[in-house]
Structures are given as C-alpha cells and as structure tokens.
Amino acid sequence: MHGHPTPLTWRPLTPEDARASADLLNAIEAVDRIGEHYTEQDTLQELVDPCTDLERASLAAFDGEVMVGYVKIRHKPTADKVHRVFLDGGVHPAHRGRGVGAALVDAGVAAAKVVHALHHPGAKLVVDVHKCEHIAGVADLVRSRGFAPVRHYLRMEHPLGDAVPDTAVPDGLRVEPWSERVDEDFRSVRNESFRDHWGATPMPVDSWRNKVVNQTFRPEVSFLLRDVATGTPVGVLVTLCWEADTVATGVRDAHFTIVGTLPGHRRRGVAGALVGHALRVAEDRGYDRASLSVDSAGSSGAPTLFGKAGFTPTTRYVRWALEV
C-alpha cells in the first residue's frame, strides 16, 4: 500500500520560521553546493528585512512541521523609472519535480505586483531572480515563467598568504577602520559610489543596519579611505563573514561585500589600496580566504582590478529578469 502523499500546507512566512528556514536552506546547500550555510540568526535577519513584507509578499510550503519550499519578495526603498524587486526562493531537494517551484515563482510574481502597487506604482516593475548557474532545473523553471537572463556575476576568491599584493595607499589619502563614529560615512560612500551601478539603489539606515552592520559584519576588516586635505571619505570596503560557513567548511572567509569609490576619485588606485589593505589585515587576523562578487558586465572594470589583486573566479551567477 503506497497511499497518497500528504498534501502540503501553504502560508506566508513569519519571523518564527527562522529555524525551519535555516534547516531548509542547509538541506538545499547539501545538494546544490553553492557555498551558503545558515544559522537561525542568519535567516531571522532576512525575515525581518525592512524591505520584505512577509504578510503580503511571501509564501512557504510545509510538509507537517518541515518547510519544503518558500518564496519571498524584497522591494526597493526607492525607485526612479524602474522598480526592480528581488524574488528569492528555494525548494527542498526531496520535493523537487512536483510543481512546488513553479507554484512559488507564480505566487512570488503575483506578490511582487502587490508590493509594487503599494510602494512605487508610477514606475515600471521588473522581477529579478539571482541564482548560481549550476543549480539543476533553475533555468528551465524561470524560463517557463517568462524570465530571461540579463546579467552574469562572478564569485572570485583570494587564497591570502603569499598571494597578498603589496599596494601603497595613494598620496593624500589615509586608511581608517570602521567605527560607530564613521558608520554614516561608510553608508554615504556606498550609496554615492553605487549610484551608477546597474540595479543598485541607495540604502536607507534601516536597510544598512539589517543587511550590513549585522551579526555577520566584521568591523576589524572594514575600512574607508579619506582625503586628508578635505576630510572627504572617498572609498569604502565592508567585510562580512558567516559563522555557519566556517563551521561547515573549516574555512574562515572574509567576504568583501562592498567595495566602492566615489565617481570623482576613480582610476586613482583607491579600490586597489583598500583591497590590498583589507587582504593584509584578513591574513593577519587568521582568515583563510577572501572572496567577493562582481558584475561581469560592470563599467568599473572590477573583474580586471580584482584579478590583478590575485582573485580568481570560482562560480558564475545568473540574474534573470521578468518585465511585468
């Protein structure tokens, strides 16, 4: 007697789902191998994101107490002509191939329309999905829902040790470590330097606290460069490290999540000096590796810059978009 599989229960996510979310993401990692491990604190941080409206714009599928799939939408705090919302989701490997993913993507697109109408009804809506290229079935699923690839990103890694470059800080600039006192300088340089980056929008204070200066933030490996003569901060580098990754892999990875230079100060060695300094500090503080993610089509020439600093590409990600 085989009987029928129990039907799944569907409901919006809540912050109380942090543990079940971490369990699901870790089960997904075991098969997809994208290098992302989660603690309950990590998933809670994502569930309380100020740009995520769980009640209106999330859905999870449960088999009893076990979460087997989820989708959530992250809207942008500001939008000019285009409002790019971010659709994030996943399905437990044991439940794939049964239509769960398709149902979640459809629910996500519908939810995107709801939050878009609430926040930026005058802009054009585009739904983005960002996934590692090698995950089986993703391309077929999102293509079947009308998404098309619009961008590729590279994860690049640096082994530290002898490969750390010797870079000088350009004349007239000085390196400062992160502190509460200069936190606002970090945020403003990030916002100004990313203004011309594809798909980026300014981070308000609540998003900055949620996404950047959280439990994964490593202030001792986060720096800004300041123009000594004017006192103006001209570049920043922010490092995060996920404890769950260290526990699972034994590798302490210093992830340079933000490397930004003000437009008027580019091509003067600011980013190279910040990266070189951060690599040396990461090495001194016992990190095993550094990593970062770059837009392979970006105008800043980032893949070349980081390649010169000793980073090599390891994984490709695809950004899929649906114009609604």
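Two strands count as paired here if DSSP finds at least two bridges between them. With that in hand, strand S4 (residues 82–91) and strand S5 (residues 124–132) qualify, pairing in the parallel sense over 5 bridges. Keep in mind that this is a predicted model.

**Overall build**
- The chain has 324 residues, for which a compact globule would have a radius of gyration near 20 Å, so the 20 Å found for this chain agrees.
- Along the principal axes, the C-alpha atoms fill a box of roughly 75 × 45 × 35 Å.
- Among contacts with a separation of 6 or more, 73% link residues 24 or more positions apart.

**Surface and charge**
- Buried residues make up 49% of the 324 in the chain.
- The accessible surface comes to about 15400 Å², and carbon and sulfur atoms own 53% of that.
- On the charge side, there are 37 positive and 42 negative charges, and their mean positions sit 5 Å apart.

**Strand S4 and its partners**
- S4 is largely enclosed by the rest of the structure, because 8 of its 10 residues are buried, meaning under 20% relative accessible area.
- Strand S3 (residues 66–74) runs antiparallel to S4, with 6 bridges joining the two.
- On the parallel pairing with S5, His83 has Leu125 of S5 as its bridge partner.

Key:
Residues are numbered from 1 along each chain as its sequence is written. This is a predicted model: local features need pLDDT of at least 70, side-chain atom pairs count only at pLDDT 80 or more; totals for chains, interfaces and linings use all residues. Side-chain values use heavy atoms; hydrogens and water are left out. The radius of gyration is taken over C-alpha atoms; the globule rule is 2.2 Å times the number of residues to the power 0.38. Buried means under 20% relative accessible area, exposed over 50%, partly exposed in between (1.4 Å probe, protein chains only). Contact means heavy atoms within 4.5 Å. Accessible areas come from the Shrake-Rupley method with a 1.4 Å probe; for residues, only the protein chains shown count as cover. Lys and Arg count as positive and Asp and Glu as negative; His and the chain ends are not counted. The place of a charge is taken as NZ of Lys, CZ of Arg, CG of Asp or CD of Glu. Helices (H or I, at least four residues) and strands (E, at least two) are DSSP runs, numbered from the N terminus.
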